[in-house]
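These are my notebook entries on the model shown below. I recorded each item as I looked it up.

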Amino acid sequence: MTNKSGLWALSSVPISKFGISSHHMAQGSSKGKDLSSAKIMRIVADPDSNISDFLTTCGDYQLFRLTKFYWDRLEQAIEKGVDGISSLLTCESIFSGPEHQKVTELEEKGNRTDSSKLLLNLVMEKGSRARRVMWESFVKMRQGQKHKETLRVQTETLRVSTVLVKEKVKIFQLVDRYAELTVISAVRDRKLVEHELVARGRDHVKWREKHLQRELEKIRTDQLFQSSFFQRKSQTGSSAVMSGVPGIGKTTMVQKIVYDWATGKIYPDFQFVFNLKFRDLNNINCRINLRNLILDQYPYFRNVLGELWKNPKGLFFILDGLDEFKDRINFFDNQRNTERQFVCTDAECQCEVSDIVYGLIQHKLLPGCSVLVTTRPTELHLLEKAEINVEHRTLQR
């Protein structure tokens, strides 16, 4: 399925498709950096060339002309993502709070066309930097659409092992086979939850009703960072831990969360979701940085990761299967706070995989992002001494 509407369509269409010739684009100004005719011809001739290629070498005056040329298309495209673009412009201190509010209020009232026009007019009034940030936001949103489509394709089917000789693995649609699990949030007594998890006999239901009714809150997977027990959410970000006995369906639940996000059903505030499996991280036997860790799975982020790091609140990292990790992460080790080599605070810094995981969970790396860790209950003790508030959620059938 290919989305050719709105921002995606605008940023993925070759420049020549909009009637901008190499002659027009070569006419620059002393205020901006001119492109060579040969380079422009390559951009125009390449059918895969898009706006993001051009922005890297486009001067301010050329960008002004490009904006005027695209005006009608921009108004239409902005309607599809006016809140996101306005938020990015506000984060870059181009829009003030009241200006952002005016734009989003129009959208909330259903006046997307007026909201789009207001945003575009404000951008033109703010000058060259505002125009560049707006265009760069199109590139970022295009990557977001591509990322969602990639994740949708990766997670829409479920592979189930069978005992059949001829057909050892069957493939089903995830939505047809997925069974909702009960997610509970521990308030005071984690040991009580662990005892409940091993209560597998006939008295299981009665035991739950007797011991857990007042101790636990039942929540949906789209409420992992929204329940009443997250009132202490830190400005540095949120970390949640999902625990469950072996075979209960933790990884399948993660797959459903990713699928629902990719299809726009949950967590609209997260611009990007990255699902990292510890069983895959075990294959890395060298120092690495978070940038390359992401690019190994999602190479299309190569030119925009630096921009993503600027807004960590829009990032959601899922770390699946802590109990499978070959390295131990010691949250008791105070040396990590004093010795530089043990603290990973930079997404571009080379370090051990365990230090990247530690940095994400502790929000020393990309503070502001949200992190979900899945594990067996036996590994929960590793996270008890984490410096931040880590909320525990437990899975039940």
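Entry 1. I looked up the surroundings of Thr-221. Leaving aside neighbours within four places in sequence, I find Thr-221 in contact (heavy atoms within 4.5 Å) with Val-183, Met-253, Ile-257 and Tyr-267. Thr-221 lies in the loop between strand S4 (216-219) and strand S5 (238-243). Helices (H or I, at least four residues) and strands (E, at least two) are DSSP runs, numbered from the N terminus. Thr-221 has a relative accessible area of 13% and is therefore buried. I used these classes: buried is under 20% relative accessible area, exposed is over 50%, and partly exposed is in between (1.4 Å probe, protein chains only).

Entry 2. I noted the basis of the values. The model is predicted; local features need pLDDT of at least 70, side-chain atom pairs count only at pLDDT 80 or more, and totals for chains, interfaces and linings use all residues. Residues are numbered from 1 along each chain as its sequence is written, and side-chain values use heavy atoms, with hydrogens and water left out.

Entry 3. I turned to the chain totals. The protein chain has 17 helices and nine strands. Of its 397 residues, 50% are buried. Among contacts with a separation of 6 or more, 74% are accounted for by residues 24 or more positions apart. The accessible surface comes to about 20,300 Å², and 47% of it belongs to carbon and sulfur atoms; the areas come from the Shrake-Rupley method with a 1.4 Å probe, and for residues only the protein chains shown count as cover.

Entry 4. I examined helix H7 (residues 97-108) against helix H8 (residues 112-126): their axes come within 7 Å and cross at roughly 160°. Axes are lines fitted to C-alpha atoms, for helices over the stretch in contact, and angles run from 0 to 180 degrees between N-to-C directions. H7 is therefore roughly antiparallel to H8. Angles under 35 degrees count as roughly parallel, over 145 as roughly antiparallel, 65 to 115 as roughly perpendicular and the rest as oblique. By class, the contact of H7 with H8 has five nonpolar, one polar and six charged residues. Here Ala, Val, Leu, Ile, Met, Phe, Trp, Tyr, Cys and Pro count as nonpolar, Asp, Glu, Lys and Arg as charged, and the others, Gly among them, as polar.

Entry 5. I then took helix H6 (residues 71-91), which packs with H8 at an angle of about 80°, the axes being 8 Å apart. H6 and H8 are therefore roughly perpendicular to each other. Their contact has ten nonpolar, five polar and four charged residues.
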